[in-house]
Amino acid sequence: MTENVEMDSARLRYEFKKMLERLQSKQGSGTELISLYIPPDKQIYDVTAQLRDEFGQCANIKSKQTRTNVQSAISSILSRLKYFKTPPENGMAIFCGTVNTVGDRTDLACEIVHPPEPLNLYMYRCSSSFELEPLLDMLEEKAVYGLLVIDRREAYWGFLRGNRIEPVGGATSMVPGKQRKGGQSSARFQRLRLIAINEFYKKVGDRSSEAFLAENEFFERFKGLLIGGPSPTKEEFEEGGYLHHEVQKRVLGLFDVAYTNESGLSELVDNAQDALKGMEVIQEKQVMDRFLKELVKDDGVAAYGEESVRRNLEMGAVDTLILSESLRQTRLKIACGNCGYSKEETIRNEPGKTAKDLDLGICPKCSSPLFIEEETDIIDELTGLADQSATNVEIISDEFEEGSMLFSAFGGIAAILRYRTGY
């Protein structure tokens with residue numbers, strides 16, 4: 001049951017993100033695109049009253065084309081609002097306007113979006129692009145962890161935000177090495193060295209705490225701090241009270257890491273898996289680690305690439321289907337209406353373009369025009385094949401190293417098999 005919930009969540013996030021990318025790609029001429037945000041507690045009749053008022057105000061727009069396009073968009077929104085007595089549970093956002101398509105052509109586009117979280121604002125805005133910031137904010141992870149790696153030479157800090165490790169800043173120290181120069185007494189040298197260490201710890205504590213406390217809203221999502229480094233440095237730093245007291249009380253644990261530069265943040269996340277258990281990034285890392293281990297074995301049960309994975313899915317040989325969240329491809333079934341010829345191919349989704357814009361050419365058998373008989377998002381299509389053989393499906397973000405490798409090195413499509421098939 002839990003796996004199904006996680007899968008549904010990942011699919012919904014993928015669909016929501018893809019929809020926002022599609023809206024981001026749409027552009028209008030002048031201020032003709034309307035973005036309307038309606039929170040769940042807003043009365044629909046208040047919204048329609050404002051829209052009718054805005055329709056009347058359009059008479060003041062000098063450009064006849066802009067005036068006509070804005071009035072058309074308002075009329076389209078009003079016609080859709082007739083079907084709502086009250087806003088949906090989380091409210092809704094409506095994006096409507098005349099958008100540029102291929103060449104000099106335009107089209108009236110209107111889309112109603114049901115957000116995954118309640119909207120907390122009412123907004124009516126006309127612009128040359130849709131206002132998407134409130135919805136994009138919903139893609140931000142609500143749980144954020146602080147990361148800090150430190151030894152006596154250097155330190156680096158940042159955040160773990162969902163799947164993404166976000167480096168913020170670092171510092172280097174002026175702490176002298178353990179070998180003193182000639183002429184210095186051992187006691188004086190040791191005293192100066194301890195002063196330098198203390199000053200360095202204080203600088204790191206102040207600067208990292210400032211980053212963690214930078215925004216009140218952000219700090220409300222701050223679930224804890226992980227500290228990494230060699231012993232005894234990380235223990236000295238944590239016990240010395242160098243962090244702001246609000247940050248200090250959220251320390252989740254100390255972990256051994258070899259590096260204390262930017263790459264040490266990733267090592268810290270890997271070594272703190274028990275403390276972070278349940279977080280998306282850890283679960284996704286474990287799936288990718290399992291795939292990569294199988295891939296390098298002589299008798300490993302791993303496959304990658306669309307053709308290989310598709311064949312294994314059709315055979316029912318896939319245990320876990322691994323798909324990149326960054327996949328933007330469509331599976332097309334192209335046919336001839338005259339002789340019955342057909343073929344299937346996968347195309348990459350270009351921002352602002354649809355399959356209708358493709359030049360399909362002519363039938364190789366009878367030279368009649370080809371047409372698109374069916375089109376399906378590649379993730380929907382492969383997931384449908386996976387469902388037929390009770391295959392687990394993982395949608396992986398590319399905001400960490402292994403996830404990025406899935407998309408760049410393996411085309412965003414991979415699988416862990418139940419048994420070797422030769423494909």
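Mentor: Helix α10 (residues 280–296) and helix α13 pack at an angle of about 50°, with their axes 9 Å apart; helices here are DSSP runs of H or I with at least four residues, strands are runs of E with at least two, and both are numbered from the N terminus. This is a predicted model, in which local features need pLDDT of at least 70 and side-chain atom pairs count only at pLDDT 80 or more, while totals for chains, interfaces and linings use all residues. Residues are numbered from 1 along each chain as its sequence is written, and side-chain values use heavy atoms, with hydrogens and water left out.

Axes are lines fitted to C-alpha atoms, for helices over the stretch in contact, and angles run from 0 to 180 degrees between N-to-C directions. The two helices, α10 and α13, are therefore oblique to each other, a word for angles that are not under 35 degrees (roughly parallel), over 145 (roughly antiparallel) or 65 to 115 (roughly perpendicular). On the α10 side, Lys285, Met288, Asp289, Phe291, Leu292 and Leu295 meet Glu402, Met405, Leu406 and Phe410 in α13, where contact means heavy atoms within 4.5 Å.

Turning to the sheet, four strands form an open arrangement in the order β10-β16-β11-β15, with mixed pairing; two strands pair if DSSP finds at least two bridges between them. Strands β10 (302–304) and β15 (392–396) stand at the edges, each with a single partner, so one side of each has no neighbour in the sheet. Strand β11 (residues 318–324) pairs with β15 in the parallel sense over five bridges, and Leu321 stands opposite Val393 in β15. Helix α13 (residues 401–410) packs on this sheet, touching β10, β11, β15 and β16 (413–417), and its direction makes about 90° with that of β11.
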